[in-house]
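Please open the model in your viewer and keep the sequence panel beside it.

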Amino acid sequence: MSTNREFDRIPPFNLEAERSVLGSCLIDRDSLLIVIEGLRADDFYDPRHRTAFEVIASMAEQNNAVDSLTFREEIKKLGLEERLGGLPFVAELMDAVTTTANIEYHVGIVRDKSVHRGLITVGTDISRMGYSEEIGIDEALETAEQKVFEIARSGRTSRLKGAREVVTSAIGEIEKRLAGGLDITGVPSGFADFDKLSGECSQAAFTFLLPGLLWVKLLLLLMLRSMLPSRKTFRS
């Protein structure tokens, strides 16, 4: 009698990486932000780690201080201390952190293992649909496509930056522009009077509440003007 050993294997996980990212949340604020932005509770394999992440994320959402002491007090208040393991569990999280400098790499490990587990689950579901004749082929294909798309979307990552890194970069860019003799630090619109009033257009935020066509025309005008030599300006 043959058996399918592929489905008897233990799903991929890395408990050390899970402990490391949770411990980093209790040590460093920037690491905390990276973890709660880059992971979900379902990404953790260990149910205790999943619960700990939910508690930490909730504390951060409420703008409460997050460290080993406040975390332990919070799980006490929620009646979770015995379930999670109390002080030994917190110490285990802290001991798993060798450095917070590699937090993004560790977050990536946890996320990658989660995606692999998701693929296994989706693969099993698709296999069941393939053997079932109760579901129409179009519905089965659509469901399978949706499940795979959700896994693909959860596996995509973006480069998350901490507040310190963003502010340092912005200040450096402003200082560089000022050192070059520019008295305005944004993108020039081409209209001298407007630039003086607005400080030029910010790279990240340039929004006007204008009727659709007028907004499009202005945007195109500014884009074209930004490509012209800076010494040529339109006087209003």
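Begin by selecting I135, which counts as partly exposed because its relative accessibility is 31%, a value that lies between the limits of 20% and 50%. The model is a predicted one. I135 sits in the loop between helix 7 and helix 8, the latter spanning 137–155. Now display the surroundings of this residue: not counting residues up to four places away in sequence, I135 touches M129 and A140.

Next, zoom out to the whole chain. Its secondary structure comes to eleven helices and zero strands, and the pattern read along the sequence is α-α-α-α-α-α-α-α-α-α-α. Colour the chain by accessibility: 29% of the 236 residues count as buried. If contacts between residues at least 6 apart in sequence are drawn, 61% of them join residues at least 24 apart.

Then select S20, in helix 1 (residues 15–25). Is this residue buried or exposed? S20 counts as buried, because its relative accessibility is 3%, and the cut-off for buried is under 20%. Show its contacts, leaving aside neighbours within four places in sequence: S20 is in contact with A96, V97 and H106.

Proceed to helix 2 (residues 29–38), where D30, S31, L32, I34, V35 and G38 are buried. At the start of this helix, select D28 together with D30: a side-chain oxygen of D28 comes to within 3.4 Å of the backbone nitrogen of D30.

Helix 2 contributes S31, I34, V35 and G38, while helix 7 contributes I103, E104, V107 and R111. Sorted by class, the contact of helix 2 with helix 7 has four nonpolar, two polar and two charged residues. When looking along either helix, bear in mind that an α-helix has 3.6 residues a turn, so residues three or four places apart point the same way.

Key. Residues are numbered from 1 along each chain as its sequence is written. This is a predicted model: local features need pLDDT of at least 70, side-chain atom pairs count only at pLDDT 80 or more; totals for chains, interfaces and linings use all residues. Side-chain values use heavy atoms; hydrogens and water are left out. Helices (H or I, at least four residues) and strands (E, at least two) are DSSP runs, numbered from the N terminus. Buried means under 20% relative accessible area, exposed over 50%, partly exposed in between (1.4 Å probe, protein chains only). Contact means heavy atoms within 4.5 Å. A polar contact is a pair of N or O atoms within 3.5 Å; within protein, one must be able to donate a hydrogen and the other to accept it, and residues adjacent in sequence count only if both atoms are side-chain atoms. Ala, Val, Leu, Ile, Met, Phe, Trp, Tyr, Cys and Pro count as nonpolar, Asp, Glu, Lys and Arg as charged, and the others, Gly among them, as polar.
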